[in-house]
Amino acid sequence: MARIDLDHIRHAYGAKPKSEADYALKEVHHEWNDGGAYALLGPSGCGKTTLLNIISGLINPSEGRILFDGTDVTHLTTQQRNIAQVFQFPVIYDTMTVYDNLAFPLRNRRVPEAEVDRRVKEIIEMTGLGGWAKKTARGLTADQKQKISLGRGLVRSDVSAILFDEPLTVIDPEMKWVLRSQIKRLHKQFGFTMVYVTHDQTEALTFADKVVVMYDGQIVQIGTPAELFERPRHTFVGYFIGSPGMNVLPAEIDGARAAIGDQSIGLNFQPKIEAGAKTELGIRPEFISLGREGMPVAITKVEDIGRHKIVRARFADRLISIVVDEDGEIPAEPRVTFDPKAINIYADSWRVGEEA
Amino acid sequence: MEKTWNNKAWFMVLPVLVLVAFSAVIPLMTVVNYSVQDTFGNNEFFWAGTDWFLEVLESDRFWDALTRNLIFSAIILAIEIPLGIVIALNMPKKGIGVPICLVLMALPLLIPWNVVGTIWQVFGRVDIGLLGRAVASLGINYNYVQNPIDAWVTLIIMDVWHWTSLVVLLCYAGLVSIPDAYYQAAKIDGASRWSVFRYIQLPKMKRVLLIAFLLRFMDSFMIYTEPFVVTGGGPGNSTTFLSIDLVKMAIGQFDLGPAAALSIIYFLIILLLSWIFYTVMTTSDAQG
């Protein structure tokens, strides 16, 4: 188990990157705690798999260093780093039995056979593959195969970290829940450092202590699920997390007031804006209340999705979403108020704090 | 579910039936016809029963040629299959090297058999051939026209040169279908180069290897043109394979009855051996 330090890492797939745009992964400088569960969340092509492969050692970063527990491992191979990785598609050695599959990493490391047997039996027990031990791995279902992939990581008791690269993509929905909670339980039990790549926000939010949101080759925010929800650092985080995403409206900021179209909204702080920046106001649909008081809106559509309704409305010539309780009534002349505590102000897409 | 009978379907397969009849069934039945009768010309036929078959099976000539065929195929397979795997494993997986290697590999396969024979016939000659002169200048007494061993070596090298690329291309197709994640996972599991081959590459190549094995067996067992052009079956009878013997019998001696019987025996041997190989290899597949 290890703490992972990413020291000014950058990576470009081309040989000679000229501009910032040539980097698939822009500068990353972070420290990840020993035993933490991190989820790398972002859309396809945002660099999350690149970052994962840099940690596992399958890719050497163009620039920067990577440290495990303070030791520089940048130029060590995957084997030397002692990492386990579970891939998107289950990788199994299909001519071997389930037992031999699980024993494979240990036997390659010349672990005594008695120890191999003890560890493998433990993993078989844990993953519930007992009946399959002596059978070839070929006939298994996708989720059983993925369990073996995971088991091959867990069987080595001394791994520095276990990396997951969208491991539940090919798994049936109901098995996803089972596997996810199983992985989470194993994490609690063993306390390994875990890095989990996904583009599914539910998966990331239920899974990790810290979610690392990536966008266009950079980390835009690292935070707990609550932080990502309440205080998105970047408008992308606002859009990407939550369903529906955050409403982001162009706004003129003047002192502690924001003007959207002809509407003016009072803020509970005075944002610090540099001149010339593009300013926006962000508010989550959950924090807009629909009633008879406030600013006028024109409702275009109401979607009933069970526990609550999503109201799509036109506000100051912009489309916004509002979440209303299932039994919440929608007045004939609707008006909205924004919860001042839930308002975030963005300058050039980045969240701004209070004027000092 | 009730099966739907639609007799119109027969019309659909009719063209294929006609084609197959003309290309396979009718010639084959003609051969069967000859193998059980005796003829002295004038379209007069006399029933001969199994006489021709017995004659062929009791002749040393047949068993000697069959032995040569089996030895030849065994040597060819023992060289070409491992060599093909080794070359395929070392071919580049991406970049400009891929098309270059593929074209180089495909070249020998594009050359007609009799041209291949002619090339090697000239290439190996001691008086004017590049290979023949080069080997002779090394002080080795090499002459495929007079020495049976030299004739065999020449034929084997020629076949390896001609057909190994087929094995290479088939294996390569199997190899490139392996996702990168397998190699990455193997690295993480600490697998050795041999383990990667044994547990990832070989299982993925198994099916194409089976095809390569069968194709190479059948082709080498039926080999005719190249030895006919290079050695003409000699020196003596040392490179007279079943096919060459068959042509000698049918067209050289006009012994149509025994030749037809030999054809059928030859056909059945190939069928039987291919079936045995296939069964053995697919059952080990199911177990392994």
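Predicted model: local features only at pLDDT ≥ 70, side-chain atom pairs only at ≥ 80, totals over all residues.
A salt bridge is taken here as a side-chain nitrogen of Lys or Arg lying within 4 Å of a carboxyl oxygen of Asp or Glu.

The side chains of A:Lys121 and A:Asp117 form a salt bridge with an N to O distance of 3.0 Å. These two residues are four positions apart in the helix and are therefore separated by about one helical turn. A:Asp117 is partly exposed, with a relative accessible area of 26%. Through shared partners, salt bridges also connect A:Glu115, A:Arg118, A:Arg119 and A:Glu122 into one network. Side chains of opposite charge can pair when their charged atoms come close.

Elsewhere in chain A, the side chains of A:Arg65 and A:Asp72 meet in a salt bridge, with N and O 3.8 Å apart. Both partners are partly exposed, A:Arg65 having a relative accessible area of 37% and A:Asp72 one of 36%. Over all chains, the structure holds 22 salt bridges.

Chain A as a whole comprises nine helices and 23 strands. Its C-alpha atoms occupy a box of roughly 75 × 50 × 30 Å along the principal axes. Of its 356 residues, 51% are classed as buried. Among the contacts of chain A with a separation of 6 or more, 66% are made by residues 24 or more positions apart. The chain exposes about 16300 Å², of which carbon and sulfur atoms supply 48%.

Two loop residues of chain A were examined for their backbone geometry. A:Arg110, a residue other than glycine, has a positive phi near 55 degrees. This arginine is located in the loop between helix H3 (98–108) and helix H4, and it counts as exposed because its relative accessibility is 74%, above the 50% cut-off for that class. A:Asp348 also takes a positive phi, of about 50 degrees, although it is not a glycine. The loop that holds A:Asp348 runs between strand E22 (344–347) and strand E23 (350–351). With a relative accessible area of 44%, A:Asp348 is partly exposed.

The interface between the two chains involves 22 residues of chain A in contact with 19 residues of chain B. Together the chains bury about 1700 Å², with 56% of this area on carbon and sulfur atoms. On the chain A side, the residues that lose the most area to chain B are A:Phe87, A:Tyr93 and A:Thr95, which together account for 27% of what that side buries. One salt bridge is found across the interface. The side chains of A:Arg152 and B:Asp189 meet in a salt bridge, with an N to O distance of 2.7 Å.

B:Thr164 is placed in helix H7, which covers residues 148–176. This threonine has a relative accessibility of 5% and therefore counts as buried, the cut-off for that class being under 20%. When residues up to four places away in sequence are set aside, B:Thr164 touches B:Glu80, B:Leu83, B:Gly84, B:Ile87 and B:Asp159. Helix H11 of chain B, formed by residues 242–252, has among its buried residues B:Leu242, B:Ile244, B:Leu246, B:Met249 and B:Ala250. The buried set of this helix also includes B:Ser243 and B:Asp245. Just after helix H11 of chain B, B:Phe254 adopts a positive phi of about 55 degrees.

Note on methods: Residues numbered from 1 in each chain as written. Chains lettered and ligands numbered in written order. Heavy atoms only, no water. Buried < 20%, exposed > 50% of the residue type's maximum accessible area, 1.4 Å probe, protein only. Contact = heavy atoms within 4.5 Å. Areas by Shrake-Rupley, 256 points an atom, 1.4 Å probe, with all protein chains shown as cover. Buried area = accessible area lost by both parts, 1.4 Å probe.
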